[in-house]
Amino acid sequence: MQDIDPVQKKYSVAVHYMRLLFDYLQRKNYPVSQFLAEINLAPDLFDRPNDRVDFQTFNQACHLLQDKFKQPNLGITLGQLVTTGHLGPHGFALMTCANAREVMQQNIHYSALTIDAGSNIFERHGKEYIRYWKSNLSGDQPLGKLQDELHQASYVTLSRQLFNRQDLSPLWVSFQHEQPEDISEYTALFRCPLIFNAKDTAIGFHEDFLDYPLPSSNESVHLVMSDLRQQLLKQLGNHLEPSWLAVARKAIIESFQLGGLTFEELAQQTDFTVDELKTEMLRHNL
């Protein structure tokens with residue numbers, strides 16, 4: 001695998017989300033232990049449910065699978081394997097929401113528990129709601145075709161699971177990348193107009209969808225899961241901020257007992273150079 005960019009290393013995915021790749025490998029009869037050795041990850045990492053893997057390692061692992069099994073649209077395939085279990089506590093909490101509106105609100109606030117390299121943003125345009133998947137990477141770098149495929153496919157797949165409605169389809173789906181030679185996997189999954197070379201990675205749906213009830217709604221369980229997610233979110237940092245910022249805050253708070261912290265020391269603790277840290281702090285208006 002390629003060396004990891006020190007800036008992008010600050011973004012991460014939960015280990016339970018990484019298990020999505022294991023499920024794919026099992027379908028291919030490929031040893032998970034062998035794959036973990038290839039990407040230099042220890043198996044016992046996945047015995048700790050609250051641990052995380054840096055985003056670039058996850059992204060490179062996805063591309064390794066794409067090349068190994070020669071699936072140019074692997075993100076579409078992976079997205080259809082996603083279950084609420086791959087989202088950990090956030091996924092189980094989504095199951096207990098009252099309706100699609102609450103699911104949308106929960107995704108805005110808590111999706112970083114699964115992956116913080118991108119953010120869910122929802123906007124209303126007349127009778128249409130649009131869910132944008134926005135990159136949080138520095139310099140406005142795109143997450144790339146594979147990750148965009150994965151998140152678009154998983155959003156539709158999970159919606160059909162949560163509402164027990166296999167007939168659900170969005171009004172349209174857009175991608176920033178060029179149209180692949182073969183889009184049969186796209187059309188079979190989304191069953192709606194597809195837009196490529198678009199400005200945004202997005203999904204449009206009618207406002208009526210927001211009132212769809214969830215069959216597994218449970219208010220009391222939802223409250224318990226919300227408390228758990230709030231605690232996990234505090235550990236990770238704000239959902240719109242990269243995980244390095246949580247490290248920085250922790251270092252600053254702990255330094256108060258020792259007389260303060262220099263900018264150089266803070267940069268060292270967050271694995272940035274001083275210039276990189278200044279750039280990132282400016283990006284987040286700090």
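Helices (H or I, at least four residues) and strands (E, at least two) are DSSP runs, numbered from the N terminus.

I'm working on a predicted model, where local features need pLDDT of at least 70, side-chain atom pairs need 80 or more, and totals for chains, interfaces and linings use all residues. Residues count from 1 along each chain as its sequence is written, and side-chain values use heavy atoms, leaving out hydrogens and water.

I looked up asparagine 197, in the loop between strand 6 and strand 7 (202-206). Its phi is near 55 degrees, a positive value in a non-glycine residue.

Next came arginine 191, in the loop between helix 8 (184-190) and strand 6 (194-195). Its phi is positive too, near 50 degrees, and arginine 191 is partly exposed at 41%.

**Helix 5.** I checked which residues of helix 5 (88-95) are buried: Gly88, His90, Gly91, Ala93 and Leu94. They pack against helices 1, 6, 7 and 9, contact being heavy atoms within 4.5 Å.

**Helix 6 and helix 9.** Their axes come within 11 Å and cross at roughly 20 degrees; axes are lines fitted to C-alpha atoms over the stretch in contact, with angles from 0 to 180 degrees between N-to-C directions. That makes helix 6 roughly parallel to helix 9 (under 35 degrees; over 145 is roughly antiparallel, 65 to 115 roughly perpendicular, the rest oblique).

Key. Buried means under 20% relative accessible area, exposed over 50%, partly exposed in between (1.4 Å probe, protein chains only).
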